[in-house]
Amino acid sequence: MALLRVEDLRTVFRTEDGVVQAVDGVSFEVRAGSTVGIVGESGCGKSVSAMSVMRLIPDPPGRIEDGRVLWKGRDLLAVDADEMPGIRGREIAMIFQDPMTSLNPVFTVRRQLGEVLEKRFGLEGEPAGARMVEMLRRVGIADAESRLDQYPHELSGGMKQRIMIAMALMCEPDLLIADEPTTALDVTVQAQILHLMQQLQRELGTAILLITHDMGVVAETCDEVVVMYAGKVVERCGVIELFEGSRHPYTRGLLDSILRPGRPRGAGVPTIEGVVPSLLDPPPGCRFADRCPRAEELCRREDPPLEPVADGHLAACHYPLEAV
């Protein structure tokens, strides 16, 4: 049974130029203890999908227009707004995209972690301090006691990200949503953060919804993958199936653009020609058609449904690629 099931989610933003269809009919699920990656270019709707799950879309200008977000069988979109704070953090936690700006610069680490413990568990004083030190040590922060009294500007990017993870896991949630958790970090720290998340997942049994544009991160950490393009899901499958037999031309283009050992000296990096269509006025048919070398008239006329192309493998393409 799925821990989280998102069904036909639609989120829009009203602007002076019109309505932006940021998330248009997105569906996926996350099972207990698994890691699901959402990948795609910037602006394809990954973060908006996650924010919609958490019901953190600012209204106005945003609005969740349709769909269901089933959390343990209960539709979060139908839950009273007063109940959501008890679900956020306690059952579903989120690491936001930029650790440099996610922490409040005028409060110490102790103040920010302590607020979570006070509001969720009513812990204060020495019991709260002991819990904070325990969590900082768990995420690999040395000299945890002294770090509690530091301000964010006194910490490195990797340290801030570890503190964000500690804050998210403080309540031992069933699901952790990690939105680009390695953005702006150097390669060594990225590897440490990913290893840390995997280690904590094994210890706590937490499911992870990982939002990223890095296919290398997907290959290393994910069990299943959701590929998004222009607000829609274009492919869903297991991580092995994705790398060994992607069926959608967009996914294949993303994989082909990865730099691999053995590439001839001076060889250019393959790219996907063209640009993502405007979500203010999306074109009819497949949104990838203008960039797809396989597109036919049908692709420009009819939007392909997301349907099975193999066992457990779905793709939204009128002419799916053959598995390699």
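Which element gives the largest share of the lining of the largest pocket? I looked it up, and α4 does, with five residues.

Before going on, I note that this is a predicted model, where local features need pLDDT of at least 70, side-chain atom pairs count only at pLDDT 80 or more, and totals for chains, interfaces and linings use all residues. Residues are numbered from 1 along each chain as its sequence is written, and side-chain values use heavy atoms, with hydrogens and water left out.

**The pocket**

Rolling a probe the size of a water molecule over the atoms shows where empty space is left. On a 1 Å grid over the protein atoms alone, a pocket is an open set of points with protein on both sides within 12 Å along at least five of seven lines, while a cavity is a set where a 1.4 Å probe fits but cannot get out; lining residues have an atom within 4 Å of a point. Points are joined across faces, edges and corners, and a volume is the space filled by probe spheres set on them.

I get about 600 Å³ for the largest pocket. It has 21 lining residues, and Gly89, Phe96, Val116, Arg120 and Met167 are the closest to its centre. β6 (92-95), α4 (109-121) and α7 each put at least two residues into this lining. Helices here are DSSP runs of H or I with at least four residues, strands are E runs of at least two, and both are numbered from the N terminus. I sorted the lining into 13 nonpolar, four polar and four charged residues. For that sorting, Ala, Val, Leu, Ile, Met, Phe, Trp, Tyr, Cys and Pro are nonpolar, Asp, Glu, Lys and Arg are charged, and the others, Gly among them, are polar.

**The cavities**

How many cavities of 30 Å³ or more are there? I count three. The largest cavity holds about 90 Å³ of space. Of its 14 lining residues, Pro249, Cys286, Cys292, Cys299 and Cys317 are the closest to the centre. That lining splits into 11 nonpolar, two polar and one charged.

The second largest cavity comes to about 50 Å³. Its lining includes Thr35, Leu194 and Thr221. α8 (187-204) and β8 (207-211) are the elements giving two or more residues, and α8 has the largest share, four.

**Two helices**

Next I checked α5 (residues 125-138) against α7 (residues 157-169): their axes come within 9 Å and cross at roughly 125°. The axes are lines fitted to C-alpha atoms over the stretch in contact, with angles from 0 to 180 degrees between N-to-C directions. So α5 is oblique to α7; under 35 degrees would be roughly parallel, over 145 roughly antiparallel, 65 to 115 roughly perpendicular, and the rest is oblique. Contact (heavy atoms within 4.5 Å) is made by Arg131, Met135 and Leu136 of α5 with Ile163, Ala166 and Leu169 of α7. I make that five nonpolar, no polar and one charged.

The Asp59 to Pro60 peptide bond is cis, omega near -5°, and another cis bond joins Pro60 and Pro61, omega about 5°. Pro60 is in the loop between α1 (46-53) and β4 (62-71). Asp143 has a positive phi, near 55°, and belongs to the loop between α5 and α6 (144-147).
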